[in-house]
Amino acid sequence: MIQSRDFLKAISPYKPGRPIEEVARELKLKGEIIKLASNENPLGTSPLALQAIRKALKESYLYPDDNCYYFRKKLAERWSVEPGNIVVGNGSVEILPLATLAYLDPEHSALGSEGAFIWFKIAARIAAAELIEVPMRNHTHDLQAMLKAVKPNTRMIYIANPNNPTGTIVDRAEVEDFFRRVPDDILVIMDEAYIEYITDPRFPDSFKYLRDGKNILILRTFSKIYGLAGARLGYGIAPKEIIASLAKLRVSFNVNRLSQVAGLAALDDDRHVRRGRAVNEAGKDYLYEAYRKMGLFYLPTFANFIFVDFARDSQIVFEALQKKGIITRTIKEYGFPQALRITIGTEDQNRKLIRALKSVL
Ligand SMILES: Cc1ncc(COP(=O)(O)O)c(C=O)c1O
């Protein structure tokens, strides 16, 4: 049998939230299934994006614009940068291995929190680099400890802000101090997949560090509040030299036609963003109160999901909820064997979740 390369042994495949179709098939469930496993927008796809996709469908026989010219132009205007500062990905996760392959040799190390979004760890291993994992403090990235853990061969630091699966943030003052002290041969990735849900003024402005000429790669996605997870669309913003390096590794036509027009339209859909945020805020209030009354430990969230600790093997709770048609997410691979990460749904979905939880626990 042909042997794959050795470094692959260190890579465990990413385990996504289970799709509705799979759960329905496996458990032979007939009724409605609620997916609260992957932090999608419970309001669905941006209506403006949907309209644009429908219009563009007939052009599906044509290759997309490999440069994402109009999409990058619009993003550049939105963020007061230039198109050369932007790389578009088939989802923002696609950009993580581009970064590790561009900047990490096998003798280098990449650094992140133990409980950080796991795709970064996979990306570091794809580059066959060493991975340094730093313990979190109060379920939050410990930026000071991360700086202390930097080794002479460290070339990359990953910060998901808010972090998945904890929903916690590092604030403006912490990030300011971090950038003052981080060595300048390190690329800092700020993954801001959930930024549109942020309402707290303590949240840092990553663009400040881009303007200051730091080695920063900011990641954003259309999978969350814009409701385009199935379309796969994300982007990175960085100094032009960094973007040029990432672009060399990008597969041609990585972003399809429908996603490009969807993204263009979604950027104008302020109403969808506002509604998504409002539903999320209302859901937070309701769920915090419900979890508190049930005596469950949860982490106040800055994103659209809540980390809930059940003080028992979370697989049991996960499976019991699944039998009732509610898909959540275990997070054992993040080092949390007793917790579930549960997306904040619509009012109706949240009520069904709590009803189900009460009967399960
Ligand atoms: C922190 C973080 N980054 C990136 C992603 C993935 O985004 P995308 O769908 O754009 O690949 C997620 C999705 O769960 C996430 O939580």
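Which residue of β13 is the bridge partner of Phe307? It is Arg341. The close-ups below come from a predicted model.

**View 1. Strand β13 pairs with β10 in the antiparallel sense.** Strand β10 covers residues 305–309. Its pairing with β13 runs over 5 bridges. Phe307 and Arg341 are bridge partners here.

**View 2. Strands β12 and β13 form a hairpin.** Strand β12 holds residues 329–331 and is joined to β13 by 3 bridges. The two run antiparallel. Thr330 stands opposite Leu340 of β13. Between the strands of the hairpin lie 4 residues. Gly335 takes a positive phi near 90 degrees in this hairpin.

**View 3. Seven strands make an open sheet.** The order is β2-β8-β7-β6-β5-β3-β4, and the pairing is mixed. At the edges stand β2 (86–89) and β4 (130–134). Each has a single partner strand, so one side of each lacks a neighbour in the sheet. On average, neighbouring strands of this sheet are turned by 20 degrees against each other, direction ignored.

**View 4. Strands β7 and β8 run antiparallel within the sheet, with helices packed on it.** Strand β7 takes in residues 216–221, and β8 takes in residues 234–237. They are joined by 4 bridges. Arg220 has Tyr235 of β8 as its bridge partner. Helix α7 (residues 172–181) packs on the sheet and touches β5 (154–160), β6 (187–191) and β7. The direction of α7 makes about 160 degrees with that of β6. Helix α9 (residues 240–249) also packs on the sheet. Strands β2, β6, β7 and β8 are touched by α9. The direction of α9 makes about 30 degrees with that of β2.

**View 5. Helix α5 is mostly covered.** Which residues of α5 are buried? They are Trp119, Phe120, Lys121, Ile122, Ala123 and Ala124. What do these buried residues pack against? Their partners are α4 (95–103), β3 (109–113), β4, β5 and β6. Just after α5 comes Ala128, with a positive phi of about 60 degrees.

Terms used: Residues are numbered from 1 along each chain as its sequence is written. This is a predicted model: local features need pLDDT of at least 70, side-chain atom pairs count only at pLDDT 80 or more; totals for chains, interfaces and linings use all residues. Side-chain values use heavy atoms; hydrogens and water are left out. Two strands pair if DSSP finds at least two bridges between them. Axes are lines fitted to C-alpha atoms, for helices over the stretch in contact, and angles run from 0 to 180 degrees between N-to-C directions. Contact means heavy atoms within 4.5 Å. Buried means under 20% relative accessible area, exposed over 50%, partly exposed in between (1.4 Å probe, protein chains only).
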